[in-house]
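This briefing concerns aromatic rings and the charges placed over them. A pair of aromatic rings is described by the distance of the centres and the angle of the planes.

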Amino acid sequence: MSVLTRDEAQARAQLIDVHRYTVDLDLTTGDETFGSRTVIAFSTRSDGDTFVELKPAELRSVTLDGQPLDPETLDGNRLPLKNLTEGAHDLVVDAAMRYSRTGEGMHRFTDPTDGETYVYTQLFLDDVQRVYAAFDQPDLKAVFDVTVTAPEDWTVLANGVTEHLGEGRWKAATTPLISTYLLAVAAGPWHSVRTEHRGLPFGIHCRRSLAPHLDADADEILDVTRACFDRYHEKFTEPYPFDSYDQAFVPEFNAGAMENPGLVTFRDEFVYRSAVTDTERQTRAMVIAHEMAHMWFGDLVTLKWWDDIWLNESFAEYMGYQTTLEATRFTEPWVEFGVTRKAWGYDADQRPSTHPVAPEAVDDTAAALLNFDGISYAKGASALRQLVSWLGEKDFLAGINIHFERHRFGNATLADFIDSLAAATERDVHAWADAWLRTTGVDKLTAQIGSAEDGTRTLTVEHDGSRPHRVTVGLYDHDLTEEGRLTPRGHLGLDIPHTGPAPIGKRPALVVLNDGDQTYAKIRFDADSFETVRTSLSGLPDPLTRAVVWNALRDAVRDGELPPAAYLEAARAHLPRETDLALVEGVLAFAIGNIALRYLTPEERPAALATLTSLCRDLIRRTEDGDNPGLRLIAVRRFIDVAAHPETIAAWLADGTVPGGPELDPELRWRILGRLAVLGDTDEAAIAAELERDPSASGQEGAARCRAALPDPEAKRIAWDAMFTGDDLSNYLFKAVAQGFWQPEQADLVREYVPRYFKEAPALAARRGPAIAAAAGVWAFPRHAVDRETLTLGETCLREDAPPTALRRKLIDELDDLARALHVRGE
C-alpha cells in the first residue's frame with residue numbers, strides 16, 4: 001500500500017476541487033465485510049491525471065462520468081484516473097470493504113455480555129480508505145451526504161442529525177465542508193440519553209450492557225458538556241458550526257477520543273463500571289473539553305497538511321485543561337497535566353525521535369502518524385500556555401478569533417496561525433514561534449543564590465537552552481509554627497534570559513523556579529533548596545508547586561543526577577501527607593513502573609517493593625475513616641500491584657472486600673487475580689470462575705491478562721503464539737495478553753522470548769498494520785529486561801530487520817529508555 005506524500009497532495013490539490021461525497025454504506029452483508037458505494041463530485045482545473053484511494057476487500061465496479069473503468073487497474077490502495085479533462089466529473093465506486101478488529105477503519109465488536117454487535121468508524125489519519133473511496137488529504141474538503149442500511153433494531157449516528165427512513169435505512173443531514181478523515185458513523189443497538197442545549201440536540205450513547213453505568217453518570221457528563229459548550233461560546237466569536245452534538249462511548253477504541261464533527265467518539269472505559277477517583281473524573285471532563293475545542297480548531301479550521309497536526313492537538317490540549325478549570329467543578333486540572341502529561345512531553349523531547357512542535361519535514365502520512373506523541377500534545381500545550389502568559393489571554397483569544405474568521409470551513413498553516421496572532425498584539429510572535437515551535441529539546445533552568453554588597457541574597461538563573469521564558473519564582477520560608485510546613489514569602493516575575501542577579505532579600509529556605517508551571521523547562525535547585533525539598537516537600541501549600549518539584553526530582557533521576565533510592569525515600573516521606581490525588585498517583589506510577597522495574601537492579605527490587613508496600617499500607621490506614629475514598633482507592637490499587645506475597649490480597653479476594661472498604665468491584669477483582677497469577681498463587685480454574693462471574697469485554701481482557709501472567713511454560717507459549725502467530729486477537733486483547741506476559745518476577749521463565757521478540761515483532765507489524773505495530777512496540781516490548789544484551793538485540797533489529805514505520809518509532813523510544821535505565825544504574 002502506498003502512503004501519500006506531501007508533494008503528491010500538493011499536486012492533487014492544484015489539479016482538483018472536491019465538492020460532494022455521497023456515501024452509502026450497507027452494514028447488513030455479513031460479519032466480515034460491508035457494502036460501500038461512493039459518488040464523488042469533483043472538478044479539475046486543467047487536463048491531467050490523478051488517483052483516488054481505497055482499500056477494498058472487493059472492488060466491484062467503477063464509473064467515471066458514466067463510463068466504466070477497469071477495477072483491475074487498482075494498484076494497492078490507488079485507483080488511477082487518467083486523461084481527465086478540465087471541468088466537472090462524477091466518480092462512482094462500488095466496493096465491499098473489510099471490517100476491522102484493530103480499531104482502524106470500520107471497527108466491528110460483538111459484546112460478550114449480551115451478544116449485541118456494534119460498528120463505528122475511526123478514519124484518522126488515512127484509514128478513510130478502509131471505509132469509502134476518497135481523495136484522502138485534509139485540504140480537499142467537501143460536503144457529505146451519508147446513508148446507511150443497518151439491521152432493523154440498530155440506531156445509526158453520524159456527523160449530522162440522522163433520520164430513520166424505515167426498513168433499516170438511515171439518512172444523515174448534509175454536513176458543512178469537512179475533511180475526509182472527519183466523516184463518522186456509529187451503528188448498533190445503542191443505549192442513548194438525549195437532551196437539548198441552546199436549541200441543538202445533544203446525546204450520549206453507549207452499548208446496552210453499559211447502560212446502567214452511563215445512566216449513573218449521565219448528569220455529570222452532560223453538565224460538563226453544557227458548561228464547556230457555553231464557555232467556548234464566551235471565548236470564541238464563531239458559533240458552534242455543526243447541527244448537533246453527540247458523544248458515543250465505543251468499544252476497543254485506540255485513542256482517548258476522536259473529534260469527529262457532531263459525533264465525538266470516546267473509548268468506553270470512560271463509562272465507569274467500577275469505582276474511580278475524582279482525578280479520573282476530571283480527566284474525563286478534560287477529554288470532553290479537549291474534543292469540543294476541536295470543533296473549532298481542527299474541524300472548522302483544519303490543517304492543510306499533517307506537519308501542522310500540533311495546531312489541532314496542542315490547541316485542544318491547552319483549551320481542554322484550561323476550560324475544565326474555568327467551566328467545571330474540577331479545580332486542579334493543571335496539576336494532573338504537570339505530573340502526567342508534561343512528564344510525557346519531557347520524556348519524548350529527550351529521545352532520538354524528538355521533533356519540533358511544528359516540524360518541517362513531514363514528507364508523508366506514515367511519518368505524520370508518528371507525531372501524535374508527547375510533543376504534539378503536552379509540549380505544544382505547554383508552549384501555548386507560555387504564549388498566553390507572554391501575550392496575555394485577551395490578545396491570545398483575539399488572535400484565535402481572527403484565525404477562525406479568516407479560515408472558517410477552510411484550511412490553514414502555521415504561518416496563517418502566527419499571522420492571526422500577530423494581528424492582535426504588538427509582540428513579535430514570529431520570533432516566539434521560531435524559538436518555541438521550530439526547535440527541539442528541553443531547556444534547563446538552575447537556581448544559583450549569591451550575595452549582594454549589603455549581605456542580602458540574589459538569584460541568578462543558569463539557562464541551559466535557547467528559548468525565552470517568562471517564569472514565576474517562588475520564595476518559601478519555614479513556618480515557625482508548624483514543623484515541616486513552608487510559607488510563601490513572595491513571588492518574583494522573571495524573564496529568562498535575564499540581565500543580572502535579582503535581589504531576593506534574606507536567604508529563603510526554598511527557591512522554586514517556574515512556580516505555577518507556566519513554562520516548559522527542567523528545573524534544578526540550589527543545594528540549600530534541595531535540602532528543604534528533601535525534608536519539607538509535602539509542606540508546600542500549593543499542589544501545582546509540588547507538581548513542579550516532583551517533576552524536577554523525576555527529571556533528575558532520569559538524568560542520572562539523583563539516585564533512584566532518593567526518589568523512593570522522598571515518596572515514602574511525603575506521599576503519606578499528600579492531598580492531591582493526581583500527585584499521589586503520578587509519583588507512585590513512576591516509582592513502580594520506572595524505579596522499581598527498571599532503574600533499580602533485580603537484586604534491589606524486593607527492597608523497593610517493600611518500601612512501596614509500606615507506603616501504600618500507610619495510605620490505607622490514613623483513610624480508614626472513609627473521608628478520602630479516592631486516595632484509599634489509589635492506595636489499594638497500588639498495594640495490589642506491588643504485593644510480593646499473596647496472603648493479604650488473596651484474603652481480600654476471598655472476602656470480596658478490603659477490610660474497612662472498598663468492596664471489590666470487577667476492576668479490583670481482576671487486578672488482584674492478575675497479581676496472584678504473577679506470584680503463582682492462582683490457576684486456570686480460578687481465572688475461568690472469575691470470567692464466568694464477569695463475562696464482559698473487560699472481563700475477557702482481565703482473563704487474557706491473567707492467563708498470560710501465569711508462571712507456567714505452557715501458558716507463556718500459548719500467550720506468545722496468540723500475539724505473534726495468530727491474527728485473531730483484537731487490539732484490546734492483544735494489549736491485555738502483552739501486559740500479562742512480561743513480568744520481572746518471571747525473568748528466567750521468559751528469557752528465551754526476549755530475542756524472539758526482536759525477530760518476530762517486525763513480521764507481526766507488517767502483517768497486522770499500524771495499530772497492532774504500535775501496541776507491539778509498547779505493550780509487548782520486554783521492558784523488564786534492562787541489560788546490554790537486550791539493547792544490542794534491539795539495535796540489531798533496527799539496523800537489519802527494517803521494522804515497519806510504526807513499530808520502528810516505538811522501538812527507538814523503548815531502546816532509548818532502556819539505555820537511559822542502564823545509565824541510571826551505572827552500567
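Trp-310 is buried, with a relative accessible area of 1%, where buried means under 20% relative accessible area, exposed over 50% and partly exposed in between (1.4 Å probe, protein chains only). The model is predicted, so local features need pLDDT of at least 70 and side-chain atom pairs count only at pLDDT 80 or more, whereas totals for chains, interfaces and linings use all residues. Residues are numbered from 1 along each chain as its sequence is written, and side-chain values use heavy atoms, with hydrogens and water left out.

**Aromatic pairs**

- The structure holds 51 aromatic pairs, counted when ring centres of Phe, Tyr and Trp (its six-membered ring) lie within 6.5 Å, with planes under 30 degrees apart counting as stacked, over 60 as edge-to-face and the rest as tilted.
- Among them, Trp-310 and Phe-417 form an edge-to-face pair, because their ring centres are 5.9 Å apart and their planes stand at 80 degrees.
- Trp-310 belongs to helix α4 (residues 309–327) and Phe-417 to helix α9 (residues 414–422), so this pair ties together parts that are 107 residues apart in sequence; helices are DSSP runs (H or I, at least four residues), numbered from the N terminus.
- Phe-417 is buried, with a relative accessible area of 2%.
- The rings of Trp-720 and Phe-724 are stacked, because their centres are 4.2 Å apart and their planes are at 25 degrees.
- Helix α21 (residues 713–724) contains both Trp-720 and Phe-724, four residues apart, about one turn of the helix, and both are buried.

**Charges over rings**

- The charged end of Arg-385 sits over the ring of Trp-334, 4.1 Å from its centre, the criterion being NZ of Lys or CZ of Arg within 6 Å of the ring centre and within 35 degrees of the ring normal.
- Arg-108 lies over the face of Tyr-99, at 4.9 Å from the ring centre.

Note on methods. Helix = DSSP H or I, 4+ residues; strand = E, 2+ residues; numbered from the N terminus.
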